[in-house]
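Please look over the sequence and the model below before reading on. The briefing that follows is meant for someone meeting this structure for the first time.

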Amino acid sequence: MSLVTTSDSEKIIVIGSGFGGAICAARLAEAGHSVTVLERGPWRDTVPVRSMGIKRRVAFPRGRKLFTEALRNLGGNRFPGGGVRLNKKGLFEVFYGDGSHIACSSSVGGGSHVYSASHVRPLVDHYWEGHNPAISDAVMSPHYDAVLERMASVTPTADLGIPNTSAARFRDSEHLEAAPPPPDPRLGYLLPKDPNKPGKVTGADGIERCEVDYSANDDGFLGSPGGGKTTLDFAYLAPAMKAGLEVKDMCEVTAIVRQYYGDRRYRVEYTDHHNNSKCLLEADHVVLAAGTLNTLRLLFHCRDTLGTLAGMPQLGKRYGTNGDHLGFWDYNEQGLNQTLGLPTTGGVKLKGDENAPMLGGGGFPSVDSYPLPKRLRERIKRAAFIAGLGEDNMNGVVTMRRGKLRIEYPHGTSSIFARTRAAFHEIEKRTGKKIYAPRTPITVHPTGGACLGSSVDNGVVDANGQIFDNPGLYVSDASALPRSPGGPPAITIGAWAEHIASQFGKH
Ligand SMILES: Cc1cc2nc3c(=O)[nH]c(=O)nc-3n(C[C@H](O)[C@H](O)[C@H](O)COP(=O)(O)OP(=O)(O)OC[C@H]3O[C@@H](n4cnc5c(N)ncnc54)[C@H](O)[C@@H]3O)c2cc1C
């Protein structure tokens with residue numbers, strides 16, 4: 001392995017390109033800063049990314065590749081060595097903690113490739129109040145507007161003719177009905193003008209996208225090859241790259257070193273997986289946005305194993321899961337095809353249940369590509385995933401022991417899980433359709449551990465996203481969220497990233 005050293009006096013380094021990283025990096029570059037993004041995953045092979053002229057792309061796992069390319073990493077509290085990397089181009093990472101399992105992803109564009117594109121502001125009142133005197137709902141509100149505009153979010157109204165929504169699906173159900181939507185729900189999809197004839201469109205910026213095909217369900221958690229789902233690679237990174245943003249794919253950061261002597265405050269060490277080389281970059285400002293699991297892992301690794309960062313007494317405290325509880329809903333009703341329509345079909349609840357937790361679901365994506373016998377695929381088409389979510393207590397603790405990350409999350413102490421389990425149970429009882437949900441909840445919305453606070457005694461980052469006792473090092477992803485948003489968090493993470501970038505000003 002060769003050693004490459006790069007030093008650039010102007011650079012801001014952003015680690016990760018999901019909602020926290022891509023949005024912050026793009027805004028900084030557009031404001032005139034010299035920004036390099038280091039992303040461990042590859043560019044994905046999609047119609048919009050092709051139209052951006054990106055040459056090195058990796059297809060989403062389909063067919064037999066589901067066995068070999070769906071998983072990047074597998075790890076957990078009890079894994080020898082903490083975990084194993086299965087395929088550096090893999091799409092998902094899974095971590096088994098105590099009381100909380102995490103699924104997150106890896107690509108240029110981060111979680112935007114696998115998410116369900118539900119754009120929802122926090123469902124808990126006064127979300128941003130009371131954490132730091134300089135941050136409030138009023139300060140953050142314009143940043144939400146900016147994200148929704150850039151992601152071209154649409155309001156799903158009845159006249160759009162979206163098939164197989166919960167409202168349509170449960171219209172004649174004896175036991176179930178559509179849950180009322182959250183305030184101002186938006187979706188990050190390019191919906192077809194004519195649902196029977198989805199086409200390809202080219203935007204003014206030259207980006208090509210295929211409208212969502214309601215009959216294909218190929219825009220869900222296995223990626224959106226046609227670009228029907230709005231992802232960060234073309235929505236945020238493409239315009240910023242025209243303004244000079246540099247994106248280094250397949251570059252995995254292994255260390256952040258605070259330099260007390262020399263020109264630059266930080267040295268970032270990474271592995272370039274294209275040629276397996278060890279590389280370095282130096283900068284005064286480093287924005288950490290590797291997603292909750294990996295941002296915490298990197299900070300702990302640097303502080304406790306390498307000794308290249310210090311301080312952060314609140315690191316790992318207030319880890320949360322947004323109350324996520326996922327299940328497989330074996331609906332199995334003759335003639336049913338749950339894969340029609342959008343990847344998520346909307347909220348569902350028991351008729352008359354006024355205290356129902358937030359439950360949503362949808363059919364499994366891209367089922368025809370699964371390397372399974374046809375009978376099994378048809379069965380999966382009749383099934384759905386069901387997800388409960390809501391505000392949790394964020395009272396989990398993340399630590400590192402002997403170089404291994406550990407998550408301890410007492411899910412029994414957050415009432416949302418008991419409510420969701422009770423709702424699953426009652427739905428099963430009344431409808432006779434089984435819901436298989438693991439005893440330990442799986443979250444796709446891990447939050448906290450490097451939380452916003454007002455001082456080093458109650459948080460890790462300040463109102464600018466800067467780590468209190470490591471000036472010049474910022475956290476712009478979900479690990480900085482001070483509270484569970486109670487609903488899908490991507491837009492809240494995006495707003496936080498917009499806010500951090502706005503604090504740098506123009507260059
Ligand atoms: C199946 C699924 C469905 C979801 N649906 C929704 C939804 O409908 N609405 C919603 O609001 N949210 C949804 N989410 C959650 C949403 O995707 C996440 O909350 C969001 O992506 C988190 O943003 P982030 O910036 O914190 O991290 P991420 O988006 O995960 O980005 C982190 C990036 O950092 C990279 N990285 C990690 N380690 C390193 C390293 N060492 N060096 C370099 N790069 C690194 C990763 O590869 C990744 O690309 C969903 C998530 C999943 C998994």
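The notes below go from the whole chain to its sheets, its ligand shell and a few single residues.

This is a predicted model, in which local features are described where pLDDT is at least 70. The chain contains ten helices and 28 strands, and buried residues account for 54% of its 507 residues.

**The chain as a whole**

- The C-alpha trace extends over about 70 × 50 × 45 Å when it is taken along its principal axes.

**The parallel sheet**

- Five strands make up an open sheet with parallel pairing, and their order is E13-E3-E2-E17-E28.
- Strand E13 (246-248) and strand E28 (473-475) are at the edges of this sheet, and because each has a single partner strand, one side of each is left without a neighbour in the sheet.
- On average, and with direction ignored, neighbouring strands of this sheet are turned by 20° against each other.
- Within the sheet, strand E2 (residues 12-15) and strand E17 (residues 285-288) run parallel and are joined by four bridges, with Ile-13 standing opposite Val-286 in E17.

**The mixed sheet**

- Another open sheet of five strands has the order E5-E4-E6-E7-E26, and its pairing is mixed.
- Its edge strands are strand E5 (83-85) and strand E26 (442-443), each of which pairs on one side only.
- E7 and E26 are paired in the parallel sense over two bridges, and Ile-102 has Thr-443 in E26 as its bridge partner.

**The shell around the ligand**

- The ligand is surrounded by 41 residues, of which the closest are Gly-16, Gly-18, Gly-110, Gly-111 and Ala-490.
- Two or more residues of this shell come from each of helix H1 (19-30), strand E7 (101-105), strand E14 (251-258), helix H7 (291-306) and helix H10 (490-502).
- The largest share, four residues, is given by H7.
- Sorted by class, the shell holds 20 nonpolar, 17 polar and four charged residues.

**Single residues to look at**

- Met-250 lies in the loop between E13 and E14, and its phi is positive, about 55°, although Met-250 is not a glycine.
- Met-250 counts as buried because 22 other C-beta atoms lie within 10 Å, where the cut-off for a buried residue is 20 or more.
- Asn-276 is placed in the loop between strand E15 (266-272) and strand E16 (277-283), and Asn-276 likewise is not a glycine but has a positive phi, of about 60°.
- Asn-276 counts as exposed because 10 other C-beta atoms lie within 10 Å, where the cut-off for an exposed residue is 12 or fewer.
- Lys-65 belongs to helix H3 (residues 65-69), and with 18 C-beta neighbours inside 10 Å it is counted as partly exposed.
- Although Lys-65 and Tyr-370 are separated by 305 residues in sequence, their C-alpha atoms are 9.1 Å apart in space.

How values were computed. Residues numbered from 1 in each chain as written. Predicted model: local features only at pLDDT ≥ 70, side-chain atom pairs only at ≥ 80, totals over all residues. Near = placed C-beta within 6 Å. Nonpolar A, V, L, I, M, F, W, Y, C, P; charged D, E, K, R; others polar. Pairing = 2+ DSSP bridges. Axes fitted to C-alpha atoms, helices over the stretch in contact; angles between N-to-C directions.
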